[in-house]
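Me: I've got a model open and need a quick walk through it. Can we keep it short?

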Amino acid sequence: MTASSTAKKRFRPRFSLIGLMLALLLPAGAAQAGEPYLDRDGRPVGGYDIVSYHTEDMPLDGLDTITADHNGVTWYFATEANREIFLADPERYVPAYDGHCAYALANDRKVRSDPLAYRVVDGVLYMNFSPSIQERWERDIPGYLEQSEANWPDHEDAPAARPSRWF
């Protein structure tokens, strides 16, 4: 046996093991992403720039001309720079619970959200149904997040909430 054939035989098991690990991990990662909440026009977070929720005092309107696709959803951005920031680490910017109301999930329901009722907590964007619901949620964010996290696995695979007529 030559040195090159021995090296090839050693490499194959490693390559097969890596391939097997990737095959096992990729479907699991895809299954973790649920159906996102989209508005009546099919836009996540009302078409706002998802990066701007993390960087600005108020979210900026996304433009139809600056978009990126991630997990089967088209995201809108106010600037090319924000689009590039998103593409570098999309999971950092997408809202928790696929954009559904964090307060409702704490109460074991999957409900739509208002793109202007939100809060970034420890770098994670949480959406709420309305400003008044957000006020309730903010009274005990750690407690509600604990409940939401416990309830989310039961709701993640359920269909997305349907948008209402008024936002």
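Me: Is Asp-39 buried or exposed?
Reply: Asp-39 is buried, at 10% relative accessible area. Buried means under 20%, exposed means over 50%, and partly exposed is in between (1.4 Å probe, protein chains only). One caution: this is a predicted model, where local features need pLDDT of at least 70, side-chain atom pairs count only at pLDDT 80 or more, and totals for chains, interfaces and linings use all residues. Residues are numbered from 1 along each chain as its sequence is written, and side-chain values use heavy atoms, with hydrogens and water left out.

Me: Which residue does Asp-39 form a salt bridge with?
Reply: Arg-43. Their closest N and O atoms are 2.7 Å apart. A salt bridge here is a side-chain nitrogen of Lys or Arg within 4 Å of a carboxyl oxygen of Asp or Glu.

Me: Why would side chains pair like that?
Reply: Side chains of opposite charge can pair when their charged atoms come close.

Me: What else does Arg-43 meet in a salt bridge?
Reply: Asp-41, at 3.4 Å from N to O. Asp-41 is exposed, at 60% relative accessibility. Arg-43 is partly exposed, at 25%.

Me: How many salt bridges are there by this rule?
Reply: Four. One of them joins Arg-119 and Glu-138, at 3.6 Å from N to O. That pair links distant parts of the chain, 19 residues apart: Arg-119 is in strand S3 and Glu-138 is in helix H6 (residues 131-138). Helices (H or I, at least four residues) and strands (E, at least two) are DSSP runs, numbered from the N terminus.

Me: How open are those two?
Reply: Arg-119 is partly exposed, at 35%. Glu-138 is partly exposed too, at 32%.

Me: Stay on H6. Which of its residues are buried?
Reply: Ile-133, Gln-134 and Trp-137 are buried. They cover an arc of only 105° around the axis, so they sit on the same side of H6. The arc is that of the directions from the helix axis to the C-beta atoms.

Me: What covers them?
Reply: The cover includes H5, S3, strand S4 (124-128) and helix H7 (141-155).

Me: New topic. Where is Ser-113?
Reply: Ser-113 lies in the loop between helix H5 (102-106) and strand S3 (114-121). Ser-113 is buried, at 4% relative accessible area. Its side chain reaches the backbone oxygen of Gly-99 at 2.5 Å.

Me: What else is in the loop between H5 and S3?
Reply: Asp-108 is found there. Asp-108 has a positive phi of about 65° although it is not a glycine. Asp-108 is partly exposed, at 42%.

Me: Last bit. How many helices and strands are in the protein?
Reply: Seven helices and four strands. From the N terminus, the order is α-α-β-β-α-α-α-β-β-α-α.

Me: And how many residues, with what share buried?
Reply: The protein has 167 residues, and 41% of them count as buried.

Definitions and conventions:
A polar contact is a pair of N or O atoms within 3.5 Å; within protein, one must be able to donate a hydrogen and the other to accept it, and residues adjacent in sequence count only if both atoms are side-chain atoms. Contact means heavy atoms within 4.5 Å.
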